[in-house]
Amino acid sequence: MGVEVSVEGLTKSFGSQRIWQDVTLTLPAGEVSALLGPSGTGKSVFLKSLIGLLRPEQGSIVIDGTNILECSSKELYEIRKLFGVLFQDGALFGSMNLFDNVAFPLREHTKKSESEIRKIVMEKMELVGLLGAEDKLPGEISGGMRKRAGLARALVLDPQIILVDEPDSGLDPVRTTYISQTLIDINAEIDATILIVSHNINLARTVPDNIGMLFRRHLVMFGPREVLLTSEEPVVKQFLNGTMIGPIGMSEEKDEATMAQEQAMVDAGHHAGGVDDVEGIVPQMKATPGMPFRQAVARRQERVRHIMHTLPENAQIAIQDSLDETSGGNGGGGYDYAYSQEDTQVIPAYRGEGYENTTHGQG
Ligand SMILES: Nc1ncnc2c1ncn2[C@@H]1O[C@H](COP(=O)(O)OP(=O)(O)O)[C@@H](O)[C@H]1O
Ligand SMILES: [Mg+2]
């Protein structure tokens, strides 16, 4: 099973520019989590911090018992071997065919024979649906296929933690769904801890077990998918509905006057864009039939039961519904709320400027 990644009080600046501060979250071992946020909120910076490519000035990142902000470079090197990373642009070598691209980490970091390498590469190519395209150059294939090849390459060293930066960027909705399915299948197959960074609403609604959101230099919340998907937090609702109305503006931040002006336009009949009031929760994607059972599902159910009583009411109802569904609609009998308060994952509310009174789950 993948390992847990535990981030506490993490703060990152470039010079005098604060990117985010006091970010605390735990990626549960072997589960799929997603970090959402408008463009420029520092999602990629967060991802790069997790593998030690960027160095936050405060806080800790504990992976497999090691705080990577305090460990030696030798220890960091070892920790990095746990990771498979798909960067935003796929980062394939343009002059190498897909086979050699995917084989690259194996040739670079292991002493495996060419026949062993071939076996592993073909296995991963099959997992991402690229069998038969080994001889193609990156320039000869679609963006979606390049993403898949990047994903295959991220998988060859059997990572326990997989970081995926915007797997959907540049893909149409159907291709995005295919790559979403692939991510779920990978989780079923190798039970790795997965973090997906994205601003794709469909992916956020259907793929992750846990969701967090960055906005205005803060982590607005992080917890089981039901918490964010039923949240009443204005920034979360706006993001999920993709509308212009709300705190997110063209240049990320909006002042009160602009918000009032836009609301007035909408009140007068102007379309605010997006999908009006998509409420509630759509079912999570499942592994493709024939794949191994996704063990994260059962583990997460157990974990969520433990923290259930700490979650907002809307989230509790949604979780109860999904439990009823998975237990065959028998009312989810035997439910027990008397659990300990430990390992609560939810950050109650965003406390940034202008948001003092916001809570979520008030219905
Ligand atoms: N290496 C860097 N040096 C200085 N500033 C950076 C660096 N990397 C990212 N930034 C800045 O950090 C902010 C967040 O960037 P990024 O993480 O790419 O956002 P996102 O992935 O959420 O769209 C941006 O303002 C960007 O300019
Ligand atoms: Mg980015």
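In the protein chain, residues 24 or more positions apart account for 72% of the contacts with a separation of 6 or more. Two residues are in contact if their C-beta atoms, placed from the backbone, lie within 7 Å. This is a predicted model: local features need pLDDT of at least 70, side-chain atom pairs count only at pLDDT 80 or more, and totals for chains, interfaces and linings use all residues. Residues are numbered from 1 along each chain as its sequence is written.

Start with the overall make-up. The protein chain holds twelve helices and twelve strands. These are DSSP runs numbered from the N terminus: helices are H or I with at least four residues, strands E with at least two. Of the 363 residues, 39% are buried. A buried residue has 20 or more other C-beta atoms within 10 Å of its own.

Now take the open sheet of four strands. Its order is β2-β1-β4-β5, and the pairing is antiparallel. Strands pair if DSSP finds at least two bridges between them. β2 (17-27) and β5 (66-67) are at the edges with a single partner strand each, so one side of each has no neighbour in the sheet. Strand β1 (residues 5-14) is joined to β2 by seven bridges. One pair to find is Leu10 and its bridge partner in β2, Val23. Helix α1 (residues 43-50) lies across β1, β2 and β4 (58-63). It runs at about 120 degrees to β1. Such angles run from 0 to 180 degrees between N-to-C directions, with axes fitted to C-alpha atoms, for helices over the stretch in contact.

Next comes an open sheet of six strands. Read across it as β6-β7-β8-β3-β9-β10, with mixed pairing. Its edge strands are β6 (83-86) and β10 (218-224), each pairing on one side only. From one strand to the next, the twist averages 15 degrees. Inside this sheet, β3 (residues 32-36) and β8 (residues 193-198) pair in the parallel sense over five bridges. Val32 has Ile194 in β8 as its bridge partner. Helix α5 (residues 143-155) packs on the sheet and touches β6 and β7 (161-165). The direction of α5 makes about 170 degrees with that of β6.

Finally, look at the largest nonpolar core, which has 79 residues. A nonpolar core is a set of buried Ala, Val, Leu, Ile, Met, Phe, Trp, Tyr and Cys residues joined through C-beta atoms within 7 Å. Domain 1 (5-223) and domain 2 (234-344), with bounds from an automatic or database domain assignment, both give residues to this core, so it lies between them. Leu163 is among the residues with the most contacts inside it. Leu163 touches Leu47, Leu50, Ile51, Phe83, Val85 and Leu195, not counting residues up to four places away in sequence.

Conventions:
Chains lettered and ligands numbered in written order. Buried ≥ 20, exposed ≤ 12 C-beta atoms within 10 Å, placed from the backbone.
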